Amino acid sequence: MSTHRTLRGKAAVVGVAETEYYKWGRSPDQEFKLAIEAVLGACASAGINPTDVDGFSSYSNDRSDASRLSAALGCKQLSFAAMQWGGGGGGGSGALANAAAAIATGQAECVVVFRALAQGQFGRFGQGPRSRIVSGTAAHTLPYGLMSAAHMFAMKVNRFMHDHGVAQEALRAISLASYAHAQHNPRAVMHGRPLDEATYDASRWIVEPFHLFDCCQENDGAAAMVLVSAERAKDFDHDPCYVLAAVSGSQHRAGAPVHNTPEYASSGFTTVAPRLYDMAQLGPGDVDVLQSYENFTGGVLMSIVEHGFCTAEEANEFCTIENLSASGGKLPLNTSGGNLAECYMHGLGLNIEAVRQIWGDSTCQVPDAQVAMVCSGPMVTPVSSSIFGSEATL
Amino acid sequence: MSMTPYLRPGLAKPAPSRDGLDAPFWEGLQQEKLLLQRCNGCNRWQWGPEWVCHRCHSFDLRYEETTAEGIIYSHERIWHPVHPALAEQGPYVVVLVELAHADDVRIVGNLIGDPHQPLIIGAAVHAVFEHHRDEDPAHTLLQWAMS
């Protein structure tokens with residue numbers, strides 16, 4: 001990649017916020033109101049007037065339309081409105097990349113990346129569709145009872161674990177890390193609900209190899225982050241948290257229908273991760289803390305491998321609660337509690353937690369964290385990843 | 001050979017897509033034939049169906065019968081019901097079958113038999129046609145049994 005075509009250090013996050021996080025159906029507010037609350041909170045965190053926001057970037061067909069948000073907030077103008085294609089949380093870092101690109105290329109000055117999702121209001125992701133007749137691609141899976149995200153992805157994870165001899169304990173460690181970190185995070189829906197090995201082992205299967213605690217929550221809430229140019233970022237209260245890299249994509253024919261993608265047992269990052277590190281001019285050894293999207297723990301396992309933190313054959317040895325802990329672990333993982341135990345805000349909470357680590361504001365702060373990475377939405381297409389860094393990393 | 005439905009009734013029933021892309025597949029199953037896409041340009045198989053061959057970009061694709069045998073590429077035993085029709089089902093098995101006679105394309109179905117049976121990647125399986133002739137729309141599901 002030629003160095004003049006890069007997002008490295010061009011934009012910075014200057015404000016982040018989330019609404020109160022709720023179990024699905026418990027939010028007193030409608031989804032669009034939650035979106036507004038998060039945007040206003042992020043602007044307050046940055047210390048900017050919300051009417052100065054001139055861009056919105058989201059993903060997964062977020063229902064909170066950018067023009068409606070801009071009008072509702074009385075923004076002076078709308079300069080940029082982008083929706084990252086693809087479902088699931090694969091666009092979490094992709095929406096960030098789009099926002100940073102808009103700023104770097106002079107399309108917009110102040111862009112909010114956000115995700116609002118009220119599963120109580122609009123339907124639970126963990127339930128299958130209720131249609132009487134189905135056609136198209138879904139007709140080849142739904143009638144066989146393959147009908148939820150867990151079903152789509154367990155098939156990939158089973159093959160990966162088989163191919164590389166990965167044990168259930170590796171998935172368990174990933175789950176335990178999220179729950180352990182959530183116990184320090186008052187925002188976490190699972191705060192006050194610790195998890196131990198015996199409870200994990202005794203928990204019911206959702207679909208093998210996923211126990212209940214391998215699966216993300218279903219929640220209501222919204223999250224937002226404010227980005228400006230690197231030049232402007234120095235004028236804000238927070239120390240700038242720079243976007244060192246943000247890329248999205250997927251490998252050859254990742255979207256091949258009915259489970260026919262050639263590289264099947266994969267989180268989908270095999271082409272994304274090299275481009276990420278190339279843009280950041282960093283490698284996995286430089287990452288101080290990782291936020292890796294847990295739709296299901298198996299996705300985290302494959303994301304860790306495909307981003308080069310260990311090989312698939314080393315996964316059993318690498319994925320231990322000690323190694324993944326914020327207190328002294330080799331690779332502190334999901335330090336807010338993540339999608340499993342903080343909130344499933346479609347993964348944008350992971351990007352916010354990465355920023356907090358750079359700011360030194362995490363409830364499970366990794367000492368002297370300079371480089372924080374996010375892997376967004378494994379196993380969907382496109383997926384995306386991002387790396388944030390402090391001033392010292394530029 | 002026909003069989004008792006593997007899953008309890010009430011799940012969505014498959015119908016050919018309105019654009020006609022997969023109609024021969026569903027019609028073939030009703031006649032106990034597995035018809036998949038094959039390219040007249042490069043003679044290779046592809047699945048799921050598409051308007052163009054992903055290898056040679058020919059639009060000239062046909063449906064051709066292939067041997068309804070394969071191996072288990074991956075599998076999953078599902079426990080938690082995500083649909084009311086499955087509330088009393090108990091565990092059931094979905095397999096992803098690789099079809100050696102059709103360039104290793106993959107297809108999804110249930111593995112009939114004991115839902116607690118060992119699930120073995122690489123095990124040989126053969127098709128069993130599960131007819132739903134009296135339903136609206138009439139359709140046939142493609143299921144799999146250990147060979």
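Two strands count as paired if DSSP finds at least two bridges between them. Helices (H or I, at least four residues) and strands (E, at least two) are DSSP runs, numbered from the N terminus. This is a predicted model, in which local features need pLDDT of at least 70, side-chain atom pairs count only at pLDDT 80 or more, and totals for chains, interfaces and linings use all residues. Residues are numbered from 1 along each chain as its sequence is written, and chains are lettered from A and ligands numbered from 1 in the order in which they are written.

**View 1. A strand pair between chains A and B.** Strand E6 of chain A (residues 133-134) pairs with E1(B) in the parallel sense, over two bridges. Opposite A:Ile133 stands B:Lys13 of E1(B).

**View 2. The side of chain B that touches chain A.** Here 35 residues of chain B are in contact (C-beta atoms, placed from the backbone, within 7 Å) with 37 residues of chain A. Strands E1 (13-14), E5 (69-78), E6 (92-99) and E7 (105-110) of chain B each supply at least two residues of this side. By type, the residues of this side of chain B are 21 nonpolar, nine polar and five charged. Ala, Val, Leu, Ile, Met, Phe, Trp, Tyr, Cys and Pro count as nonpolar, Asp, Glu, Lys and Arg as charged, and the others, Gly among them, as polar.

**View 3. An open sheet of three strands in chain B.** The strand order is E3-E2-E4, with antiparallel pairing. E3 (45-46) and E4 (61-65) of chain B are at the edges with a single partner strand each, so one side of each has no neighbour in the sheet. Two bridges join E2(B) (residues 35-39) to E3(B), and B:Gln37 stands opposite B:Gln46.

**View 4. Two cis peptide bonds.** Most peptide bonds are trans. The bond from A:Glu208 to A:Pro209 is cis, with omega near 10°; A:Pro209 lies in the loop between strands E7 (205-207) and E8 (210-211) of chain A. B:Trp47 and B:Gly48 are also joined by a cis bond, with omega about 0°, and B:Gly48 is in the loop between E3 and E4 of chain B.

**View 5. Positive phi at A:Val258 and B:Asp104.** A:Val258, not a glycine, has a positive phi of about 50°. B:Asp104 has phi near 60° and is partly exposed, with 15 other C-beta atoms within 10 Å.

Terms used: Two residues are in contact if their C-beta atoms, placed from the backbone, lie within 7 Å. A residue is buried if 20 or more other C-beta atoms lie within 10 Å of its own, exposed if 12 or fewer, and partly exposed in between; C-beta atoms are placed from the backbone.
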